[in-house]
Amino acid sequence: MYTGPRKVLHHSSGLLLSSGSSSDEYQVVTSLWCQLMVLLNSLAIPPKGQVNNPGCIPKLEVKCSHYRSKIHIKAGDKLQRPEEKPKSGRIQDKCHGPCISSSNCSQPCAKDFHGEIGFTCNQKEWQKSTETCTSLSVEKLFQDSSVESRLSVAAPSIPLHVLDFRAPETIESVAQGIRKNCPLDYACIIDVVKSSETTSGNIAFIVELLKNISTDLSDNVTQEKMKSYNQVANHILDAAAVSNWAFIPNKNASSDLLQSVNLFARQLHIHNKSENIANELFIQTKGFHLNHSTSEKSFDFSMSMNSTAEDISGMVQIPQQELRKLWPNASQAISIAFPTLGSILREAHSQNVSLPRRVNGLVLSVVLPERLQEIVLTFEKINKTRHARAQCVGWHSKKRRWDEKACKMMQDVRNEVKCRCNYTSAVMSFSILMSPTLKTDKVLDYITCIGLSISILSLVLCLIIEATVWSRVVVTDISYMRHVSIVNIAVSLLTANVCFIIGSNFHNEVQDYNVCVAMTFFSHFFYLSLFFWMLFKALLIIYGILVIFRRMMKSRMMVIGFAIGYGCPLIIAVTTVAITEPEKGYVRPEACWLTWVSTKALLAFAIPALGIVAVNLIVVLVVAVNTQRPSLGSSKSQDVAIIMRITKNVAILTPMLGLTWGFGIATLLEDTPLTFHIIFASLNAFQGFFILLFGTIMDHKIRDALRMRMSSLQGRSRAAENASLSPTNGPKLMNRQG
């Protein structure tokens, strides 16, 4: 009911109080105002009116003293503001008392932190092993939000009966707190998380927080929610927090984080055609719409590992042939990049993974429609040294480790790696690993350089000797084919060594990749020819024992020899390059030679070579058993002697060459001792010298032919000298001089 005009008293507080109101109404308003002042003072937040009229507050404090007991806020509940320095959860870095090997101890955390720090005695020193110090809790996450919602009732437009200063309701779960305080964007937890110190305990708490959000609040993920989610994750992915992940007792915390982020991103709904959804320092999220008519799409990322390092790039490509599999209606693709997660991820124990494997690029996660199964990823290497080999892998969320079968290497150059990976619900994240460190000892370099030089010179000398004595040693068909074999063995190894030297200078640059492939092909082909000509020599022995050479024409033997020596290697080499090169799995990244990691192309050389070694050794044993048989003592004693020399030659060279590549197979294993690498380098580099020594110089027929050749040359030289000094030539010389 209207009671007439009233005098209005203007108070600096902003509340409108009428002079005509009853004393009871004035007392209610004063009571509520006093409660508000006590609440603000307890939170150390200056009220608005204090700035304009500081004299008002002390006056009210006297009248409000009896209301303090009615405010349900404890002194220990004071919130930590973002601008305040976080308190440290660390204490001294060792335990008291004697340090006995393998003993453990624990120490409490600093004030305002719950948990403990565990230490283990290692080499008579206490070393921190675990840490559970945390200053966060579910109640503290939403304490600030509860107070702010209660303070908002001070607005003049809200009726007085809305004011409620009862104690806040207990929040039992993260989902409950977010639904009550910030259901639209999760912003109510960001400041509390960012102001917390990244101790191991706080990191573990935040991982569980994100895990709960992904499980309970992923029904309608908007861009705003994804931004808040990434801000929380970014806090524990900071480069400064990486070292503290090692002390979390739960060794699966890192894989839980990755799985939670991927699960949450799977429920994200994109509104625009292309969006940079979240762009934090240590986690970036991008997405776009696509359908079956979309052309090839790609996500490009460029992120820094820390504040001082240069940006590392990565790219996710969806091939056009994959996009054609989509339905006409629109779908969406999302990708997330992590620069530091590779240093944090811990693989579950596996018999095949004995040591931690270092990640050498960004970790890229993708969320694709179900019909898409294949993607192409490009990683810039963090470690760009010459010997930083890479291995494409995908993170298997169920096995909690990197899966080599998920990806195939397409290209590996000094700075960049390209991978083709299979996308599944269990494998959504990909990266590159550093393969075991190559043996770069200078001893190996010296042995290889010196050995190859000697090998090439030895092979050239071998060919010169064969050309010199050819007419004197090829007196029968068997001896003819034997020396044809020696010449082709020398030519094959010489050409292979030259290709190896040329190829070693072409594996660092992108534009030389095709040259590297060509040199690898020729090296593969000629190294195989070396062994197949050795096989042909063994077949000569078998034919000799069976006395078949008497009926075989030289031309037919030549056809068989070249078919075996060059035809079989050509088929194997062409087949290998045709199968592996389309997927860039032919050459290895650190050298122009067959790869072992991705496609096992090296088996196309190792299996034929070692198989021929085994066959030749069996032939040698057969000859040794049959040396006493009468059939060898035939009338053609010269052929029998030649067969024995071939046998001796094969018996010496075959184990030598087989031993060379046997040590080569041993060097493919991880953590192979340096001794094996030195032995392999020595035997491999000196193969040409072995062929000269055992195939040519140790053959007495060749030595005799060389002596006869030298004697003949000396005889001609003396005859020419005598002829020039003969008296009959005197007048001719005088006439020429005149």
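This is a predicted model: local features need pLDDT of at least 70, side-chain atom pairs count only at pLDDT 80 or more; totals for chains, interfaces and linings use all residues.
A charge counts as sitting over a ring when NZ of Lys or CZ of Arg is within 6 Å of the ring centre and within 35 degrees of the ring normal.

**The chain overall**
- The chain has 738 residues, and 47% of them count as buried.
- Its secondary structure runs to 21 helices and 19 strands.
- Take the contacts between residues at least 6 apart in sequence: 71% of them join residues at least 24 apart.
- About 38100 Å² of the chain is accessible surface, with 57% of that belonging to carbon and sulfur atoms.

**Around Ile 450**
- Ile 450 sits in helix H12, which spans residues 442–473.
- With a relative accessible area of 49%, Ile 450 is partly exposed.
- Phe 686 is 236 residues away from Ile 450 in sequence, yet their C-alpha atoms are 8.9 Å apart.

**Aromatic rings**
- The chain's aromatic pairs number 17.
- One of them is Trp 395 with Trp 402: the ring centres are 5.1 Å apart and the planes meet at 80°, so this pair is edge-to-face.
- Trp 395 and Trp 402 are both buried.
- Phe 521 and Phe 522 are also edge-to-face, with centres 5.4 Å apart and planes at 75°.
- Phe 521 is buried at 17% relative accessibility, while Phe 522 is partly exposed at 34%.
- Phe 525, Phe 526, Trp 533, Phe 536, Phe 562 and Tyr 566 make up one aromatic cluster.

**Another charge over a ring**
- Lys 128 places its charged end over the ring of Phe 247, 4.4 Å from the centre.

Conventions: Residues are numbered from 1 along each chain as its sequence is written. Side-chain values use heavy atoms; hydrogens and water are left out. Helices (H or I, at least four residues) and strands (E, at least two) are DSSP runs, numbered from the N terminus. Buried means under 20% relative accessible area, exposed over 50%, partly exposed in between (1.4 Å probe, protein chains only). Contact means heavy atoms within 4.5 Å. Accessible areas come from the Shrake-Rupley method with a 1.4 Å probe; for residues, only the protein chains shown count as cover. Rings of Phe, Tyr and Trp (its six-membered ring) pair if their centres lie within 6.5 Å; planes under 30 degrees apart count as stacked, over 60 as edge-to-face and the rest as tilted.
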